[in-house]
Amino acid sequence: MNIKPLADRVLVLPAPAEEKVGGIIIPDTAKEKPLRGKIIAAGNGTKDEEMVLKEGDVVLYGKYAGTELEIEGEKYLIMRQSDVLAIVG
């Protein structure tokens, strides 16, 4: 894959949604969207906002943040750096 986000955008690979809770298997329709993911690629930032996120960072983001993309059968999100709430770890 050769995608380079522009300006203050990042490409995020969402963490898989939990499929089991205490031994109960959750159907796809009831699964909560994951709010955690890994940065796959990051833009260079803008003249007003420096890019602080980098490839490999694990981040938390808002529930409705980003635009969903499907590339080579894998689902990704592309979002602005300001949609990311925190870096984990």
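Me: Which element of the protein chain has the lowest mean pLDDT, and which the highest?

Reply: This is a predicted model, and the protein chain averages a pLDDT of 88, with 82% of the residues scoring at least 70. Where pLDDT is low, the predicted coordinates should not be read in detail. Among the elements, the lowest mean, 58, belongs to strand β2 (residues 20–21), while the highest, 97, belongs to strand β4 (residues 36–42).

Me: How many helices and how many strands does the secondary structure of the protein chain come to?

Reply: Reading along the sequence of the protein chain gives the pattern β-β-β-β-β-β-β-β. The secondary structure therefore comes to zero helices and eight strands.

Me: In what order do the strands of the open sheet lie, and which of them stand at the edges?

Reply: The open sheet has six strands with antiparallel pairing, and their order is β6-β7-β1-β4-β5-β8. From one strand to the next, the twist averages 40°. Two strands have a single partner strand each, so one side of each is left without a neighbour in the sheet, and these edge strands are β6 (67–71) and β8 (84–88).

Me: Which residues stand opposite Val10 in β4 and in β7?

Reply: Strand β1 pairs with β4 in the antiparallel sense over five bridges, and β1 also pairs with β7 in the antiparallel sense, over four bridges. Further bridges of these pairings set Val12 against Leu77 in β7 and Pro14 against Gly37 in β4. For Val10, the residue opposite in β4 is Ala42, and the bridge partner in β7 is Met79.

Me: Which residue in the hairpin of β6 and β7 takes a positive phi?

Reply: Strands β6 and β7 run antiparallel and are joined by five bridges, with Ile71 standing opposite Glu74 in β7. The hairpin has two residues between the strands, and the residue with a positive phi, near 50°, is Glu72.

Me: Is Leu53 buried or exposed?

Reply: Leu53 has its place in the loop between β4 and β5 (58–61), and it belongs to the largest nonpolar core. Leaving aside neighbours within four places in sequence, Leu53 is in contact with Val10, Ile39, Ala42, Val59, Gln81, Val84 and Ile87. Its relative accessible area is 6%, and since a residue under 20% counts as buried, Leu53 is buried.

Me: With which residue does Arg80 form a salt bridge?

Reply: The salt bridges in this model come to a count of two. The one formed by Arg80 links distant parts of the chain, from strand β7 to the segment before β1, over 72 residues. The closest N and O atoms are 2.8 Å apart, and the partner is Asp8.

Me: In the salt bridge of Asp57 and Lys54, which residue counts as buried?

Reply: The side chains of Asp57 and Lys54 meet with 3.2 Å from N to O. Lys54 has a relative accessibility of 53% and counts as exposed. At 8% relative accessibility, the residue that counts as buried is Asp57.

Me: What percentage of the residues in the protein chain is buried?

Reply: Residues with under 20% relative accessible area count as buried, and Leu53 at 6% is one of them. Of the 89 residues in the protein chain, the buried ones make up 27%.

How values were computed. Residues are numbered from 1 along each chain as its sequence is written. This is a predicted model: local features need pLDDT of at least 70, side-chain atom pairs count only at pLDDT 80 or more; totals for chains, interfaces and linings use all residues. Side-chain values use heavy atoms; hydrogens and water are left out. pLDDT is the predictor's confidence in each residue, from 0 to 100. Buried means under 20% relative accessible area, exposed over 50%, partly exposed in between (1.4 Å probe, protein chains only). Contact means heavy atoms within 4.5 Å. A nonpolar core is a set of buried Ala, Val, Leu, Ile, Met, Phe, Trp, Tyr and Cys residues joined through side-chain atoms within 4.5 Å. A salt bridge is a side-chain nitrogen of Lys or Arg within 4 Å of a carboxyl oxygen of Asp or Glu. Two strands pair if DSSP finds at least two bridges between them. Axes are lines fitted to C-alpha atoms, for helices over the stretch in contact, and angles run from 0 to 180 degrees between N-to-C directions.
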